[in-house]
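Here is a short briefing to read beside the model on your screen. Take a look at the fold first, then work through the points below.

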Amino acid sequence: MAATQRKNRRQEILQSLAGMLETAPGERITTAKLAAEVGVSEAALYRHFPSKAKMFEGLIEFIEESLLSRINLILDDEKDTLARVHHILQLILVFAERNPGLCRILNGDALLGENIRLRGRVQSLMEKIEVQIKQVLRERALREGQGFQVSETILANMLLAYAEGRICQYVRSDFKRKPSSDFETLWSMLRHQLLTA
């Protein structure tokens, strides 16, 4: 029972932190503000997380688990290269749209002034996603008998840069400019670019 309560409190702390990232863009979140939001003392926060960096790491782990596990499901379910890329990009954009506060972690905005290791964790996550996209593109030659005229490394970087750009616009617009808006139109342009590049 105590372990369940502890897990629930940890979850509550992380949800409150994500909520504050959404509702207080540009503000530095202190443990005092977070404790007040959760309704506990700062000491109680530290019983669940040894530092604020560990709280941010908890959110990064949630992002990583959510995105990478779903990308794996896409790869299991879909065999067509361009459909895979479409679903991966859509996944990233819809996840971002549904988790505005976490976008501030993905674009690094919320990590300014925090432990430098956190930025490295986000960088590592984005590199993993880029590698996944590159691998999907590389497998096209094996699966479908045709590759691309441009390096898969360059194409994967372009596709991820598109997704990251949409996330940055979302944060910059105070979460008004939805990352997934006009996705199908933009995807048809990206698809054309992939096939003709």
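**A buried loop residue and its surroundings**

Phe175 is buried, with a relative accessible area of 10%; buried means under 20% relative accessible area, exposed over 50% and partly exposed in between, with a 1.4 Å probe and protein chains only. This is a predicted model, in which local features need pLDDT of at least 70, side-chain atom pairs count only at pLDDT 80 or more, and totals for chains, interfaces and linings use all residues. Residues are numbered from 1 along each chain as its sequence is written, and side-chain values use heavy atoms, with hydrogens and water left out.

**The loop between α8 and α9**

- Phe175 lies in the loop that joins α8 to α9, and its phi is near 70°, a positive value in a residue other than glycine.
- Asp174 is found in that loop too, between α8 (152-172) and α9 (183-196).
- Phi of Asp174 is also positive, near 55°, and this residue is not a glycine either.
- Asp174 counts as partly exposed because its relative accessible area is 43%.

**The chain as a whole**

- The protein chain has 9 helices and 0 strands; helices (H or I, at least four residues) and strands (E, at least two) are DSSP runs, numbered from the N terminus.
- Read along the sequence, the pattern is α-α-α-α-α-α-α-α-α.
- Along the principal axes, the C-alpha atoms fill a box of roughly 60 × 35 × 25 Å.
- Of the 197 residues in the chain, 44% count as buried.
- Among contacts with a separation of 6 or more, 68% come from residues 24 or more positions apart; contact means heavy atoms within 4.5 Å.

**Confidence**

- The chain has a mean pLDDT of 92, and 96% of its residues reach 70 or more; pLDDT is the predictor's confidence in each residue, from 0 to 100.
- Where pLDDT is low, the predicted coordinates should not be read in detail.

- Two packed helices are described by the angle between their axes and the distance between the axes.
- The axes are lines fitted to C-alpha atoms, for helices over the stretch in contact, and angles run from 0 to 180 degrees between N-to-C directions.
- α5 and helix α7 (residues 116-144) pack at an angle of about 165°, with their axes 9 Å apart.
- That angle makes α5 roughly antiparallel to α7; angles under 35 degrees count as roughly parallel, over 145 as roughly antiparallel, 65 to 115 as roughly perpendicular and the rest as oblique.
- α5 passes α7 in a right-handed crossing; a crossing is right-handed if the near helix is turned clockwise from the far one by less than a right angle, and left-handed if anticlockwise.
- The contact of α5 with α7 has 7 nonpolar, 1 polar and 5 charged residues; Ala, Val, Leu, Ile, Met, Phe, Trp, Tyr, Cys and Pro count as nonpolar, Asp, Glu, Lys and Arg as charged, and the others, Gly among them, as polar.
- The α5 residues that meet α7 include Val85, Ile88 and Ile92.
- The axes of α4 and α7 come within 10 Å and cross at roughly 5°.
- That makes α4 roughly parallel to α7.
- The contact of α4 with α7 divides into 13 nonpolar, 2 polar and 6 charged residues.
- The axes of α4 and α5 come within 10 Å and cross at roughly 155°, so these two helices are roughly antiparallel to each other.
- α4 passes α5 in a right-handed crossing.
- The residues where α4 meets α5 divide into 10 nonpolar, 2 polar and 2 charged.

**Single residues to look up**

- Ser16 has its place in helix α1 and counts as buried because its relative accessibility is 14%.
- Not counting residues up to four places away in sequence, Ser16 touches Leu34, Glu37 and Val38.
- Lys54 is found in helix α4 (residues 52-77) and, at 36% relative accessibility, counts as partly exposed.
- Lys54 and Arg84 are 30 residues apart in sequence and 33 Å apart in space, C-alpha to C-alpha.
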